[in-house]
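Welcome! Have the view open and try each task before reading on.

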Amino acid sequence: MEHKIDLIGFGGVGQGFVDIIREKGLKLKNDHEVEFKVVSISDLYKGSLHHPDGLCLDKVMNSICESGSLDGYPDQPGLIRGWSTQETIEKSNADSVVEMTFTDVVTGQPAIDHCTWAFSNKKNVVMTNKGPVALAYEKLSKLAEANEVQWLFEGAVMSGSPALRLPKETLTGNEIHEIRGILNGTTNYMLMRMEDGLSYQDALQEAKQLGYAEADPTADIEGYDVLYKVLILANVVLGFPLKREDVLCKGITDVTQSAIDDAKKAGKRWKLIGSLKRTESGVKGIVAPEMVALDDPLAGVSGAMNAITYQCDLSGAITLVGAGAGIKETGFAVLIDLIHIKRGREQEGG
Ligand SMILES: NC(=O)C1=CN([C@@H]2O[C@H](COP(=O)(O)OP(=O)(O)OC[C@H]3O[C@@H](n4cnc5c(N)ncnc54)[C@H](OP(=O)(O)O)[C@@H]3O)[C@@H](O)[C@H]2O)C=CC1
Ligand SMILES: N[C@@H](CC=O)C(=O)O
């Protein structure tokens, strides 16, 4: 079965996903009987390409490596250059749109528009962008449902670790009354490197180079990225429409070198924690740094690794530890969502 896709946003994650398809395309075809064909790529500065029969991904990556843009992709009959993102989503022959543009922590745009255009044109959306899920979950879910398409976003929380599919599918039947975890790879990596003696700025620089940080890393260090993940977990896992303004949010900007040294002396370690708790009046969410004791399981989760614990009424506490950020890991999240869409189509007899 062929599954045609548009890639919207072609930065680290987009290119990581393309590399996975280049490496594993044949195996995916053999194991899952699916061939993912990238028919369009649209990026703000790198340009855009569309070919209804599919783009050659080796040539795409050669062009990116040589010029940093898609301009070096060779001409061929049927190739269209220069479509805007809207034209790409509305005019291409793709089955699914993969949205990997930057996460806007105030408006969720332009990614909310990207979803709206895709659903209105009967296209599934897979996304790693957190904005639309955190800010417009109810509205966009309804639009996807009305158009009988799927909206999947496993990569939005803990990149390639199944932080959403685990509670939604494997733990289903439980009542989850509390969720707590380390939900940002950049800050967890920075806190580890600052314990090693690196300055705040050098630690941030490393996290950027490793592809963990947001395009504007203020979102990581001020806690907004965790705030978004907390909103997603509240809406999607707890089914509660928590809003941004309901969550107390504090990042790691006050965690200075001397605060790190004080924690060390006390046999503790700083971690940026996101948590949600059901209360009589709804769901309470908090994002803040905490000093955890070294024997707390969260203390051992280091670097870009993240961890999340779901407190369940039947199965007790279940903790998932895995990558919280990373190019290949987030590319995998896109792949697994696309495989799920393909499985869903099979079940419907499509
Ligand atoms: N990196 C990670 O570990 C993870 C990332 N995510 C999320 O995935 C998304 C992508 O992350 P990542 O690849 O690292 O980020 P990058 O900043 O590397 O890539 C984002 C790309 O989107 C492009 N872009 C921005 N606005 C538009 C637009 N309006 N239309 C088309 N393209 C646009 C940018 O273009 P240009 O640079 O040319 O301006 C850039 O190439 C983000 O939302 C991020 O929050 C989620 C989980 C983990
Ligand atoms: N910037 C984020 C990327 C994944 O969501 C992080 O560091 O966790």
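## Exercise 1: the shell around ligand 2

Three nonpolar, five polar and three charged residues make up the shell around ligand 2. For these classes, Ala, Val, Leu, Ile, Met, Phe, Trp, Tyr, Cys and Pro count as nonpolar, Asp, Glu, Lys and Arg as charged, and the others, Gly among them, as polar. Before going on, note that this is a predicted model, in which local features need pLDDT of at least 70 and side-chain atom pairs count only at pLDDT 80 or more, while totals for chains, interfaces and linings use all residues. Residues are numbered from 1 along each chain as its sequence is written, and chains are lettered from A and ligands numbered from 1 in the order in which they are written.

**Task.** Which residues are around ligand 2?

**Solution.** Step 1: apply the cut-off, by which a residue is near a molecule if its C-beta atom, placed from the backbone, lies within 6 Å of it. Step 2: read off the residues, which are S159, N184, G185, T186, Y212, A213, E214, D220, D225, G324 and A325.

## Exercise 2: one residue of that shell

**Task.** Where is E214, and what is E214 in contact with?

**Solution.** Step 1: find E214 in the loop between helix 8 (200-209) and helix 9 (218-221). Helices (H or I, at least four residues) and strands (E, at least two) are DSSP runs, numbered from the N terminus. Step 2: count neighbours. E214 is partly exposed because 19 other C-beta atoms lie within 10 Å; a residue is buried with 20 or more such atoms within 10 Å of its own C-beta atom, exposed with 12 or fewer, and partly exposed in between, with C-beta atoms placed from the backbone. Step 3: leave aside neighbours within four places in sequence, and the contacts of E214 are F102, T103, A219, D220 and D225. Here, contact means that the two C-beta atoms, placed from the backbone, lie within 7 Å. Step 4: check the record, where UniProt gives E214 the feature "binding site" in an unreviewed entry. UniProt positions follow the numbering used here, feature names are shortened, and annotations may be inferred rather than shown by experiment.

## Exercise 3: a second annotated residue

**Task.** Is K130 buried or exposed?

**Solution.** Step 1: locate K130 in the loop between strand 6 (124-127) and helix 5 (131-146). Step 2: K130 counts as buried because it has 26 C-beta neighbours inside 10 Å. Step 3: beyond four places in sequence, K130 is in contact with T103, A156, Y228, K229 and I232. Step 4: UniProt, in an unreviewed entry, lists K130 under "binding site".

## Exercise 4: the shell around ligand 1

**Task.** How many residues surround ligand 1, and which are the closest?

**Solution.** Step 1: the shell holds 30 residues, and the closest are G9, G11, V13, Y45 and A325. Step 2: two elements, helix 1 (12-32) and strand 2 (35-43), each give two or more residues to this shell. Helix 1 supplies the largest share, three residues. Step 3: by class, the shell around ligand 1 has 11 nonpolar, 15 polar and four charged residues.
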